[in-house]
Structures are given as C-alpha cells and as structure tokens.
Amino acid sequence: MASGQSRRTFVQFAARGPAQRIVSANVRGYAQAAAVQDIKPPVALFGLDGTYASALYTASAKTSSLDSTSKSLAVLAEMFKKDGKLPSILNAPTLSPSDKSQIVQELQRHTGAQDKGDIVRNFLKTLADNNRLGILPGVCDKFTTLMGAARGEMDLTVTSAAKLDNKVLQRLEAAVAKSEYSQGKKLKVVSKINPDIMGGLVVEVGDRTIDLSVSSKIAKMNKLLTDTL
C-alpha cells in the first residue's frame, strides 16, 4: 500500500515544470529484446500494455523469475487500486526525466523485496525512458492474465452497474463452468463496476462477450426505431 509520504512524493512530481522529451537509441528495446526469445507468452495480448506485459513475461520466464515478477506487479496493482489518482500522475505530461527517475525509485521501494534479479526495476526504467509509465496499470492487469493462462485459468469478467453479492458471482461462476464457454478450464472471477451499463450484466469469458446490459438493450431498441423511421 502506498504511504502518505509516497503519495505526496508522486503529487510533487506531477506539479513540476514541463517534461523534457527523451530521445533514446533503445526506444522499445526492452520489448524488442524479449520478443526474440524462444519462450513465448501463453496467450496473445493486444494493445501497448499487452505488448509490454508480454515482453516482461518472456524476460521473467527466461530468468526463472515469473513468480517474483507477478508478486511485484501485484504490489503495484494494489497501490493503483488504493489510490485512483496515481495512474493519472504517471500519465502527467509535466514529468521531467528526473521526476521519472525518482518515481521509478519510489515504485521500486515497494516492489524491491519481491523483485528477483531486478527484472521489474529494469522494466520500470524502460517504461520511464520510453515515456510509457502511464501504461503501467494496464501492464499489471495484462500480466495477471498471462499468469492465469499459464496456470490453465480463464478469466470470467462480470461487469455490473452496482456491486454484486458474492453468492450471485458464485452462481454465475458455477453456471459458466458447466457451459461450453469455460472450455473445461478453471475460472478466475473478476468483478467490475460500470454505472454506464445502467443495469443487467456484461459477462466476458475468454474472447467471448455476453452483453445482457440495459444500455445494450436500449441501444438495440434505438437502432430498431431509427431503421424503422
């Protein structure tokens, strides 16, 4: 968990002068170096955060440090969960190279005990050098997906307009586990809240999405009325 002092440190970074552009001969070098290794991630991920998460997975697997890397990212993910303003601070355009260096040191202070071979520290430095610290929360999420896939798990993401009772989630998990959607894999339930769906549920299993939201029904009704008129 990020301490009050840590939070003040991050805020001070965000409040400073305009950022200086970093020009490096090794831009995206970390991702490119990991990509040529013969060890491949268990599933293909998309987006910039997915690319970096896959590169980190490959580098960690190559050095037999997947577990320690996973624990380090879990610590960071918990920090982002506890303080929703930290991701926006990492995205702040006012961060100077010195600010980024200090942020990496602060993040490393929280992950150091779990970081085997400084894999995560070097990864954080690469993100800072490439002006990509803002994707770190996404990398944490995507790395969790990779680790789950490596263990034979499949994410069951349930999005609702309000928090669901654990019994409801358990019934959903049991129902999906018996269906063809689970593909016989162990399900890992991830509950998300999105008021924009207005009601109902959006269930995602692997690469399949079942949209039972009120907002989706309204959108379909509006389309039907528009097409009719």
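What follows is a short chat about a pocket and a helix pair in a predicted model.

Reader: What should I know about the model and numbering first?
Author: Local features in this predicted model need pLDDT of at least 70, and side-chain atom pairs count only at pLDDT 80 or more, while totals for chains, interfaces and linings use all residues. Residues are numbered from 1 along each chain as its sequence is written, and side-chain values use heavy atoms, with hydrogens and water left out.

Reader: OK, what volume does the largest pocket have?
Author: About 1200 Å³. A pocket here is an open set of points on a 1 Å grid over the protein atoms alone, where a 1.4 Å probe fits, with protein on both sides within 12 Å along at least five of seven lines. The volume is the space filled by probe spheres set on the points.

Reader: And which residues lie nearest its centre?
Author: D141, T144, T145, D155 and V190, out of 38 lining residues; lining means having an atom within 4 Å of a point.

Reader: Which helix gives the largest share of that lining?
Author: Helix 8, with 11 residues. Helices are DSSP runs of H or I, at least four residues, numbered from the N terminus.

Reader: Switching topic: how do helix 3 and helix 8 cross?
Author: Their axes, lines fitted to C-alpha atoms over the stretch in contact, come within 8 Å and cross at roughly 55°. That makes helix 3 oblique to helix 8, as angles under 35 degrees count as roughly parallel, over 145 as roughly antiparallel, 65 to 115 as roughly perpendicular and the rest as oblique.

Reader: Which residues of helix 3 meet helix 8?
Author: D49, G50, Y52, A53, S54, L56 and Y57, with contact meaning heavy atoms within 4.5 Å.

Methods
Helices (H or I, at least four residues) and strands (E, at least two) are DSSP runs, numbered from the N terminus. Axes are lines fitted to C-alpha atoms, for helices over the stretch in contact, and angles run from 0 to 180 degrees between N-to-C directions.
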